[in-house]
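Here's a quick briefing to read with the model open beside you. It goes through the helices, then the aromatic groups, then a few single residues.

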Amino acid sequence: MPRIAPRTRKALLTLHLVTSLGWLGADLVLLTLGIAAQRGADPAVVYPVAGLVGTVLFAPLSVLVWLVGVASALLTPWGLLRYRWVVIKLVITTVMVGLVLFLLTPNLRHAGALGAALPARDRADLVIAPAVSTSLMIIATVLSTYKPWGRRPSQPRRSAAVGATRA
């Protein structure tokens, strides 16, 4: 595992926190816009704004959070696969980034283009997706705060002598 200076580690942690909070904030904006449209706000205004927020802010932040999180795991003592809570956060974030990039962002662009013509079944998706995403981000935050479950069981290491006797 590479060692980084404490100052660099804190800078990386700060960047991870700031990007994660930005991602959560953008998600809450999308949720608010989806709820506003459901409660009667003008869809011709709401959905283009949601499309803009999703494309310009939400999608890039999701990728940045994932990249900074992986870098943080690899460059700090936590490691990428050493602790269960880190693995679970990695899985949650990876799935969320995939859904954001390949499902939500295209749906938001489509909603923005259709505006008031967006079918009712698609309008509900633009509330459900950010609600689920916000919940998953809160779970990831709890995992980061409490760090449950400890280390994953390590694989038995082969000693040099055992490897040499098999050669």
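A polar contact here is a pair of N or O atoms within 3.5 Å, and within protein one of them must be able to donate a hydrogen and the other to accept it. With that in hand, look at the start of helix 2: Asp42 caps its N-terminal end, with a side-chain oxygen 3.0 Å from the backbone nitrogen of Ala44. Keep in mind that this is a predicted model.

**Helix 2 and helix 3**

- Helix 2 runs over residues 43-75. Its 33 residues reach 45 Å from first C-alpha to last, close to the 48 Å you'd expect at 1.5 Å a residue.
- That helix isn't straight, though: helix 2 bends by about 40° at Gly54.
- Helix 3 covers residues 84-114. Here 31 residues span 43 Å between the first and last C-alpha, close to an expected 45 Å.
- Helix 3 has a kink too, of about 45°, centred on Val100.
- Just past the end of helix 3, Gly115 takes a positive phi of about 60°.

- Thr105 is found in helix 3. It counts as buried because its relative accessibility is 3%, and the cut-off for buried is under 20%.
- Which residues does Thr105 touch, leaving aside its neighbours within four places in sequence? The contacts are Gly54, Thr55, Ala59 and Val100.

**Aromatic pairs**

- The structure holds 3 aromatic pairs.
- One of them is Trp23 with Phe58, a tilted pair at 6.1 Å centre to centre and 45° between the planes.
- This pair ties together distant parts of the chain, with Trp23 in helix 1 (residues 6-38) and Phe58 in helix 2, 35 residues apart.
- Both partners are buried: Trp23 has a relative accessible area of 4%, and Phe58 comes in at 0%.
- Then there's Trp78 with Trp85, whose ring centres are 5.2 Å apart. Their planes meet at 75°, so this pair is edge-to-face; the cut-off for that label is over 60 degrees.
- Trp78 is partly exposed at 30% relative accessible area, whereas Trp85 is buried at 7%.
- Trp78 and Trp85 belong with Tyr83 in one aromatic cluster.

**Lys147, over the Trp85 ring**

- What sits over the ring of Trp85? The charged end of Lys147 does, 5.0 Å from the ring centre.
- Lys147 is in the loop between helix 4 (120-146) and helix 5 (160-166).
- Its backbone is worth a look: Lys147 has a positive phi of about 50° although it is not a glycine.
- Lys147 counts as partly exposed, with 32% relative accessibility.

**Gly79, in the loop between helix 2 and helix 3**

- Gly79 lies in the loop that joins helix 2 to helix 3.
- Buried or exposed? Gly79 counts as buried, at 8% relative accessibility.
- Setting aside neighbours within four places in sequence, Gly79 is in contact with Ala73 and Val86.
- The C-alpha atoms of Gly79 and Leu136 are 21 Å apart, and the two residues are 57 places apart along the chain.

Key. Residues numbered from 1 in each chain as written. Predicted model: local features only at pLDDT ≥ 70, side-chain atom pairs only at ≥ 80, totals over all residues. Heavy atoms only, no water. Helix = DSSP H or I, 4+ residues; strand = E, 2+ residues; numbered from the N terminus. Buried < 20%, exposed > 50% of the residue type's maximum accessible area, 1.4 Å probe, protein only. Contact = heavy atoms within 4.5 Å. Expected span 1.5 Å × (residues − 1). Bend = angle between axes of the 7 residues up to and from the residue. Phe/Tyr/Trp six-rings, centres within 6.5 Å; stacked < 30°, edge-to-face > 60°. Lys NZ or Arg CZ within 6 Å of the ring centre and 35° of its normal.
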